[in-house]
Amino acid sequence: PDKVVPGIQDFVTEKFGKKFIEPPPFDLAKAFGDSHNGAALIFVLSPGSDPLASLLKFADDRGFGGSKLTSLSLGQGQGPIAMRMIENGVRDGMWVVLQNCHLAVSWMTTLEKLCEDLNPDTTHPEFRLWLTSYPSPHFPVSVLQNGVKMTNEPPKGMKANLMRSYLNDPISDPDFYSSCTNKGAWRTLLFGLCFFHALVQERRKFGALGWNIPYEFNQADYTASVQFFQNHLDDMDMKKGVSWSTVRYMLGEVHYGGRVTDDFDKVLLNTFCKVWFGEHLFPSSFRFFKGYTIPVCKSVGSYIDYIDQLPLKDSPEAFGLHPNADITYQTNRARDVLDTMLSIQPKDSSGGGGETRESVVQKIADDMLGKLPGNFVSHEVKACLKRMGILAPMNIFLRQEIDRLQRVITCVRQTLQDVKLAIDGTIIMSENLRDALDCMYDARVPATWRKISWLSSTLGFWFTELLERHHQLRTWCFEGRPHVFWMTGFFN
């Protein structure tokens with residue numbers, strides 16, 4: 001399974017071209033071109049992304065910086081202030097940025113009404129409403145449907161991370177890039193910082209192997225570090241050179257280290273700073289890892305050409321990890337891709353001559369109900385346990401196992417019966433029943449069953465294990481303790 005996603009990438013590259021597997025640069029101007037004064041522009045946030053800096057830069061370029069743009073982070077008590085900002089913006093033609101809409105759940109109905117009342121004929125033509133929010137069930141559906149949706153997810157892979165750093169502000173700004181006085185050290189340090197930023201982002205995908213706690217390092221950390229590097233190089237004494245202890249401290253303890261709370265993560269971060277940021281960074285023999293060097297270039301375009309030649313697939317060793325660390329990550333990624341593919345399959349009833357989803361699931365439910373074992377009768381179980389010694393430790397354990405398995409059997413029987421009734425139209429198809437129907441059709445374990453039971457790859461394996469667990473416990477209870485136990489068939 002860990003080769004599924006690389007295989008998909010190779011297939012897409014061969015059939016359609018390389019550009020279909022490389023994320024395009026974030027183009028705010030194109031999204032703005034699709035907008036108008038009667039609908040919101042919505043940033044869908046993700047961990048590690050912060051579009052505010054890009055938005056402020058874009059506003060300055062469009063002549064809407066300073067007093068012509070007002071920004072507010074929503075939260076408790078901020079609703080009336082946001083209303084006044086929107087009213088002023090509609091009247092005077094300003095841009096209004098409301099951040100973190102997912103934190104203002106109670107104010108979302110007011111926001112929905114305000115957006116519905118936006119009339120392009122009576123609203124100032126220059127007015128724009130910008131919203132940022134994490135995915136939330138409380139976000140108004142009508143605002144989402146009518147608005148221009150954008151997302152700026154952190155790129156995946158070292159190559160994509162480096163490319164994004166050089167294509168976006170502040171490096172992409174020619175004036176900023178050429179403003180540092182010590183140009184040789186500036187370019188080298190800048191590439192080293194971009195590689196460091198990509199590394200701390202990418203290690204997060206390996207879970208606890210990468211960082212003990214998944215920190216949300218974002219663009220703000222990177223931008224602050226770039227600004228610090230520029231100021232430090234401009235102010236330093238050329239004879240003394242770069243103060244590496246200052247550089248390491250600012251990266252490992254302030255800009256990036258300020259987010260780190262785990263002691264071992266802090267040691268790891270400072271180790272990367274110590275190994276990579278020193279005088280040994282400047283010689284041409286320096287290597288971050290095999291295949292990852294610091295190119296000697298003068299222009300941003302030359303760096304972009306070098307980055308474009310980097311491999312699309314990164315070895316975990318580039319992040320300081322064992323090659324086997326990639327197996328778990330790629331397996332989980334393949335599972336997410338396949339689950340997403342299943343979730344977007346058409347779920348309407350078939351209009352052709354084949355069986356519908358509902359008829360297939362009804363047959364599965366009938367088959368499972370026919371094989372499902374009967375309930376444990378409480379007084380019979382109690383009588384058997386008394387005969388064997390109800391207070392014996394092994395018999396106490398047996399009673400606990402029977403109680404937990406009985407809970408699973410009851411839930412399975414109730415769900416199967418309700419699914420059949422919902423398919424027939426006797427009862428309403430609730431969200432849990434819809435999930436059970438979809439999972440049974442896709443041979444997956446429904447969430448309500450998985451929550452109270454055990455992990456299994458498919459529904460068939462899970463149901464077979466249910467029957468085998470029931471057989472082991474029933475034999476032990478009514479025929480006596482077995483000589484051999486199936487240890488993985490117990491909950492505890």
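Both faces of strand β3 are covered in this predicted model, with Trp 95, Val 97 and Gln 99 buried on one side and Val 96 and Leu 98 buried on the other, where buried means under 20% relative accessible area with a 1.4 Å probe, protein chains only. Five of the five residues of β3 (residues 95-99) are buried, so the strand is largely enclosed by the rest of the structure. Residues are numbered from 1 along each chain as its sequence is written.

Strand β3 belongs to an open sheet of five strands in the order β2-β3-β4-β1-β5, with parallel pairing (strands are DSSP runs of E, at least two residues, and helices are runs of H or I, at least four, numbered from the N terminus; two strands pair if DSSP finds at least two bridges between them). Because β2 and β5 (148-151) stand at the edges, each with a single partner strand, one side of each is left without a neighbour in the sheet. Five bridges join β2 (residues 69-73) to β3, and in β3 the bridge partner of Thr 70 is Val 96, whereas Ser 73 stands opposite Gln 99. Helix α3 (residues 52-61) packs on the sheet, touching β1 (41-44), β2, β3 and β4 (128-133), contact meaning heavy atoms within 4.5 Å.

Methods. This is a predicted model: local features need pLDDT of at least 70, side-chain atom pairs count only at pLDDT 80 or more; totals for chains, interfaces and linings use all residues. Side-chain values use heavy atoms; hydrogens and water are left out. Buried means under 20% relative accessible area, exposed over 50%, partly exposed in between (1.4 Å probe, protein chains only). Axes are lines fitted to C-alpha atoms, for helices over the stretch in contact, and angles run from 0 to 180 degrees between N-to-C directions.
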